[in-house]
Structure formats: C-alpha cells, structure tokens
Amino acid sequence: MRIDSYIKELLYDYNCVVVPGFGAFLAHGKSAEIDANNHTLVPPNKSISFNVQLNENDGLLVSHIAKDKKLGYDSLLNEIEQVGKDWEERMKQGEHIELIGIGKLWLNPEKKIQFQPENKVNYLTSSFGLSAFAATPIKREVLKEEVEQLEEKIPFIITPEKREESVFRPWLKYAAVILLAVSMGFTGYKTYGDIQEKQISAQQDAQQQVSRLIQEATFFDSAPLELPALSLEVSKKSIGKHHVIAGAFRVQQNAEKKIDQLKAKGFNAFYLGMNRFGLHQVAYDSFEDPKEALTFLRKVKRTDSRDAWLLSEK
C-alpha cells in the first residue's frame, strides 16, 4: 500500500502529518529568498522535514485515507503501521525509500534515519502558481565608445568642390531648424489642450456624482429615536493556534461528557468544534506557543492519556 500521495495531499493543509509508529513529516513556512550568485528569486514556500520521535497516532492520516477508501478505521490503522515497519526493514537492507513529491529516506552509517526533501513541490497554497524566477543582469553599454567606434569605421569627408556648389545649404539648415521648432510648438500646444479638456471633463463628472449622492441621502428632521441601554456580559475564551486534543466523537453528547470529565480532573477542557470528517473535537487546552503545547502534550500523555495528540492551525 502506497501512502505517500495521501501524505502529500495533507501537507498542503497541515503542518504535521504523522505516520503511526514511524515518524512525522513537518512543514515549515519560509519567506521569499534571493540568490545573488545565480540571480534567482525563490517565492515563499514550505520546507519539509522529518522527525522520527513524533510517531504517536494523531488520527489525521488514518482518517483521511479511511474516508477516501471507505474502509474501517482500526483495520486501516494496522495496515498503515505495517507500511512504516516495511520502510524500516527496507532501509536496514540499504534501500532508499523514495516518496513521490515529498523526498527520500535512508539510514546513515550510525543507523539514523536521514531525510532529503524534494524541492520541486511548493506546499504553500498562497504561493500557488509561483516558481523560481531567474533574471540575467543588465549589461549597460557606453554610448560614447560606440560613437567613437562608428566614427572610426565611417569617416566623413567633405571636398572643397562640393562646398562651392552648395552655396545655399547653410540657409536650408536654418530653415529646417525653424520649421522643426514651429512643428514641435504646435504639437505641444495641442497635447496640452487635450489634457486640459480631459481634466475639466473629469472634474465635471465628479461634481455630478457628488450631487447625485447628496440628493439620494436621507436626512432626519426630528431627533433620532433613543433606545434603552443594555448591559451584556460577554465571556470569550482566548484560544491559541495549537490545541492538545483529547478525542474526536461522532456524537456531540459524548464530546460534552468528555469535557465534564476533564474539567473534573482540573483541565481547561473545551469544545473545539467539528472537523472536516464530521467528528466533534474536545481539547485539553490551547496555546499560542508551540513549545508550550508540546510540553503540555507530553505531560498529558504521561499522566492522563497516551492517545492525546496535537492539532496546529495555520
């Protein structure tokens, strides 16, 4: 069973995709970069990395494949875990595991998993359609040098005989200059007149628009109606971007029971909402700092439930 295509699909929408029992593929946002040596502009993108320590099942990959293949969750979980074991065995035999559109996995001499991402795919949806742009530097030419080279190749020679024959040539030169000046003055005057007419027309249109809006406006002849003041108490929980999930339930009543149980244990549990698979999610707590969220997740796994997992929003 190949699961690399499903991992690739999820990396567009999520920053962490866990292969149960094997490891997690992480997506990190990168800003646009300029390579001065190659004169290349690289658009914003996501860099993909691999972490073997994040191997606890978070339900994301299994639920995604189960929905696509319409299979049972438990049987599919065992099948995906077997895929991770097969990858480990193949790497121990010296093979390189190539995941299409994601990268390559292999073992180094110290028997540690190495990962080389494939940089041909940009997983950042806001940069869709953008690719690396290479520009050649502009070579500015010196006009003076070209003129000097041209004069060396094409010299101008004027003989006395031609000067004697062309008695009226200086007067023709002055007449041409005067004619050119008159023509440019007429053209400039005509262009200035056209621009002035367009400005006057635009001002008239703007005044007509303002007059129309004033006529359409509604004014009150009497004092506005005074409504009684209401005082409302609004309480809103500050929710971060990183949630430690306690479970996802198909029935909302079960989710509410789970919240009551967690609150009885002293957790700041709350209802996170329905996910894309139609399951009601219950969170232990939420954090803005991902490091705090991971620390809290480890504590929950150690003290309350090993099935807890981390959900990070974009």
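The buried residues of helix H1 pack against strand S1 (16-19), strand S2 (23-30), strand S5 (45-51), helix H2 (60-69) and strand S6 (97-99), where contact means heavy atoms within 4.5 Å. The structure is a predicted model, in which local features need pLDDT of at least 70 and side-chain atom pairs count only at pLDDT 80 or more, while totals for chains, interfaces and linings use all residues. Residues are numbered from 1 along each chain as its sequence is written, and side-chain values use heavy atoms, with hydrogens and water left out. Helices (H or I, at least four residues) and strands (E, at least two) are DSSP runs, numbered from the N terminus.

In H1, which spans residues 4-11, the buried residues are Asp 4, Tyr 6, Ile 7, Leu 10 and Leu 11; buried means under 20% relative accessible area, exposed over 50%, and partly exposed in between, with a 1.4 Å probe and protein chains only. These residues cover an arc of only 160° around the axis, which puts them on the same side of H1, the arc being that of the directions from the helix axis to the C-beta atoms. An α-helix has 3.6 residues a turn, so residues three or four places apart point the same way.

Helix H2 also packs with helix H3 (residues 73-92), at an angle of about 115° and with the axes 10 Å apart. The axes are lines fitted to C-alpha atoms, for helices over the stretch in contact, and angles run from 0 to 180 degrees between N-to-C directions. The contact is made by Leu 61, Val 62, Ser 63, Ile 65 and Ala 66 of H2 together with Tyr 73, Leu 76, Leu 77 and Ile 80 of H3.

Aromatic rings were examined next. A search of the whole structure finds eight aromatic pairs, rings of Phe, Tyr and Trp (its six-membered ring) being paired if their centres lie within 6.5 Å, with planes under 30 degrees apart counted as stacked, over 60 as edge-to-face and the rest as tilted. The rings of Phe 22 and Phe 50 have their centres 5.4 Å apart and their planes at 50°, so this pair is tilted. Phe 22 lies in the loop between S1 and S2 and Phe 50 in strand S5, 28 residues apart, and the pair thus links distant parts of the chain. Phe 25 and Phe 50 form a tilted aromatic pair as well, at 5.1 Å centre to centre and 55° between the planes. Phe 25 counts as buried at 0% relative accessibility, and Phe 50 is buried with a relative accessible area of 16%. Phe 22, Phe 25, Phe 50, Trp 87 and Phe 115 form one aromatic cluster.
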